[in-house]
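Subject: Structure handover

Hi,

Here is the structure I promised to pass on to you. Have a look at it first, and then read on for what turned up in it.

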Amino acid sequence: MSKHVFLTGLPGVGKTTLVQKTVESLKSSAIPVVGFYTEEVRQSGKRIGFDVVTLSGRRGTLSRIGSPSRSARRECRVGQYVVDLSSFEDLALPVLRNVQTGSSSNKTVCVLDEIGKMELFSQSFTQLVRETLNNDGVVVLGTIPVPKAKPLLLVEEIKQRGDVKILYVTKENRNDLLHEILTAVEHCKE
């Protein structure tokens, strides 16, 4: 029986848009929803990075295009993007800590968009995601990337869990998935 719902698919296919539409529908049904999503940041039509946006409206930098560092300090990079780990953790970790301590008789939906390479530089985030997935009072609605060269350990763990339903988003099905996602999330809340 599924307890969590994850969307996967190629970059730019519409996973985050589906998550945002799902959140709007859940909120309009008075279902408690917390979490965050990632959003592209563009300048003069060119993508320069990503922000993390909490469902309560807080926003911060996830990554920006950066030059290689000349310092000896190890920086977290994904391709041309330098990850701002402290900004990400300042926004994402409190959301996950708060959902752990919530004491609602009604299950909370926790949105994690996305659990990807940039976010997984944070060991604290990785640990809190595991705890959240194991929390009986929480239903996770998340997104995970399609594996590229090297699989991500936590993403592989999620895919192997017996309590996770994974929906593959494509350009062909993305406009028809909202109802299926809502049904799956509401079923998980039972």
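Let me begin with H4, which counts as buried at 0% relative accessibility (buried means under 20% relative accessible area, exposed over 50%, and partly exposed in between, with a 1.4 Å probe and protein chains only). You will find H4 in strand β1; strands here are DSSP runs of E with at least two residues, helices are runs of H or I with at least four, and both are numbered from the N terminus. Leaving aside residues up to four places away in sequence, H4 touches T132, L133, V138, V139, V140, R161, D163, V164, K165 and C188, where contact means heavy atoms within 4.5 Å.

Before going further, a note on where the values come from. This is a predicted model, in which local features need pLDDT of at least 70 and side-chain atom pairs count only at pLDDT 80 or more, while totals for chains, interfaces and linings use all residues. Residues are numbered from 1 along each chain as its sequence is written, and side-chain values use heavy atoms, with hydrogens and water left out.

T143 is found in strand β8 and counts as buried at 0% relative accessibility. Its contacts, again not counting residues up to four places away in sequence, are F6, L7, K15, V19, L112, D113, E114 and I115. If you want a distance to check, the C-alpha atoms of T143 and M118 are separated by 13 Å, with the two residues 25 apart along the chain.

G35 lies in strand β2, which spans residues 33–43. With a relative accessible area of 4%, G35 is buried. G35 and L55 are 20 residues apart along the chain, and their C-alpha atoms are separated by 5.6 Å. L55 is also one of the residues that G35 touches, along with V53, T54, V95 and V111, when residues up to four places away in sequence are not counted.

Helix α4

Which residues of helix α4 are buried? In this helix, residues 153–160, they are L154, V155 and I158. These residues cover an arc of only 100 degrees around the axis, which puts them on the same side of α4 (the arc is that of the directions from the helix axis to the C-beta atoms). On the other side of α4, L153 and Q160 are exposed. The cover over the buried residues of α4 includes β1 (4–9), α3 (123–133), β8 (138–145) and β9 (164–168).

Salt bridges

How many salt bridges does a search of the whole structure find? There are nine, a salt bridge being a side-chain nitrogen of Lys or Arg within 4 Å of a carboxyl oxygen of Asp or Glu.

Helix α4 takes part in this as well. R130 forms a salt bridge with E157, and their closest N and O atoms are 2.6 Å apart. This pair links distant parts of the chain, with R130 in helix α3 and E157 in helix α4, 27 residues apart. R130 is partly exposed, with a relative accessible area of 24%, and E157 is partly exposed too, at 30%.

K159 forms a salt bridge with E156, with 3.2 Å between the closest N and O atoms. Both residues lie in helix α4, three residues apart, about one turn of the helix. K159 is partly exposed at 31% relative accessible area, and E156 counts as partly exposed at 24%.

Elsewhere, the side chains of E40 and R47 meet in a salt bridge at 3.0 Å, N to O. E40 counts as partly exposed at 36% relative accessibility, as does R47 at 31%. There is also a network of salt bridges that links E39, D51, R59 and R64.

A helix pair

Last, the helices α1 (residues 15–28) and α5 (residues 178–188): their axes come within 10 Å and cross at roughly 55 degrees. Axes are lines fitted to C-alpha atoms, for helices over the stretch in contact, and angles run from 0 to 180 degrees between N-to-C directions. α1 and α5 are therefore oblique to each other (under 35 degrees counts as roughly parallel, over 145 as roughly antiparallel, 65 to 115 as roughly perpendicular, and the rest as oblique). Where the two helices meet, L18, K21, T22, S25 and L26 in α1 contact L178, I181, L182 and V185 in α5.

Best wishes
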